[in-house]
Every structure is written in structure tokens, then in C-alpha cells.
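Thanks for coming. I will go through one model this morning, starting with the chain as a whole and ending with the sheet.

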Amino acid sequence: NAEQRMTMDAWNQGLNVLLQAPPGTGKTYMLLAAARNALERNPSAKVLILAYNTELASEIVDKITDDLSEGVECYTFHALCSRFFEVAPDDLALEDCIRRMRGVVAPVHTTHLLVDESQDLNRLHVELLSCLIAPNEHRQYLVAGDVHQMLYDYGDFPSSLSYTADRYEEAFPSSLRWVRCSLVMSRRITPYMAALVDSHFE
């Protein structure tokens, strides 16, 4: 649709994209389309997709077709640590790994980094990227999420909207310009469902 085309136009121009997208608006489709476009522009591109939880990561992995399999990898943040350093089943283990990996682990090189459910980012995720991902001022980012869906703003490592509100350049350093895009047309909520909700809530 037109919203998705505008987002892809920005991505195709080599811009970093902050994407506000509620459920059912096509975030997964956009992530995979962006990965495909990156490889079309540069067949040697290394695209890393990060999802917040295992279910999301599995959904994306299942949709990575053969033409993407050589240049695209998808992990949760914990699985990324497990793959390139040491198994980290939870946030406490991830914090310990981050403390020990600095200056030890071989950095992971990527040309494009795509993040799903960015509203659930916390400081550990950002620190992991700074420790594990090799610096690249020309890396292109697509950071997608929904500010109205934050679920994990509690505990020792609460999520923080600041990483997609005003600290995105700190979390995702790049010399490329940032633009904000949004998707609002959801295919998960039908007009009848929306009318029912509207009739019961103001």
C-alpha cells in the first residue's frame, strides 16, 4: 500500500528508517522487503535482523526464502550473544556476557541492521550491539516498533522508548540521515472489530 511504498522509498534511498507500526500493518513484510532490497543493491551485503523474542525470530526465519538465505541472518538479542560469544538464556546471563566480551569477542560485521519490536529495547540490548557489532558509519538501519505496545517496562532491565524516541542515534550510530515513517492500515483488525471496540470504549 501507499504507506509501505513510502517506507520502502526512504529505505531505497539509503536512509535510516524509524518505523512506527502497530500489529497487522506489515512490519515483518517490510523487514523482509528491506532485506531483499539491500541485497539487490549490494549482493555482498550482510543483513542482520534482530527480533525481541523467539516467536518473532522464528516467524521471520521461516519467511527467509532461498534468495535471501546467504546474506540475511535473524536472531533474538540473546541468541545473537549465544551464536557469537556464549549462551545467554536470560537478561542476567546476557549482562554477565556483555561484561566479559568487551575487547575479547571478534566483532560481527553487518552492512544493514533491522530491528523488530523496538519498543521493547533495553540498555542490555544496546550495550550488546555496541560490544558485538563492528563499527560501521555507513551501516543502514530500519528500526520498527509500536510505542503503544511496550510490554516490558519493569524489572531490572526495563524497556525504554527513549531508544526510538530521542536516543536512536546513540543506540544505532550511523552517518546516514534518519527519517520517520509510519504504517497505520492494519489487516489484523477488521472494520467490524473496530466498530465493536469503538461502541464500548471512548
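**The chain and its sheet**

In this predicted model, 48% of the 202 residues of the protein chain count as buried, meaning under 20% relative accessible area with a 1.4 Å probe, protein chains only. Residues are numbered from 1 along each chain as its sequence is written, and side-chain values use heavy atoms, with hydrogens and water left out. Because the model is predicted, local features need pLDDT of at least 70 and side-chain atom pairs count only at pLDDT 80 or more, while totals for chains, interfaces and linings use all residues.

The C-alpha trace spans about 55 × 40 × 30 Å along its principal axes. Among contacts with a separation of 6 or more, 79% come from residues 24 or more positions apart; contact means heavy atoms within 4.5 Å.

The chain has 9 helices and 6 strands. These are DSSP runs numbered from the N terminus: helices are H or I with at least four residues, strands E with at least two.

Conventions: Buried < 20%, exposed > 50% of the residue type's maximum accessible area, 1.4 Å probe, protein only.
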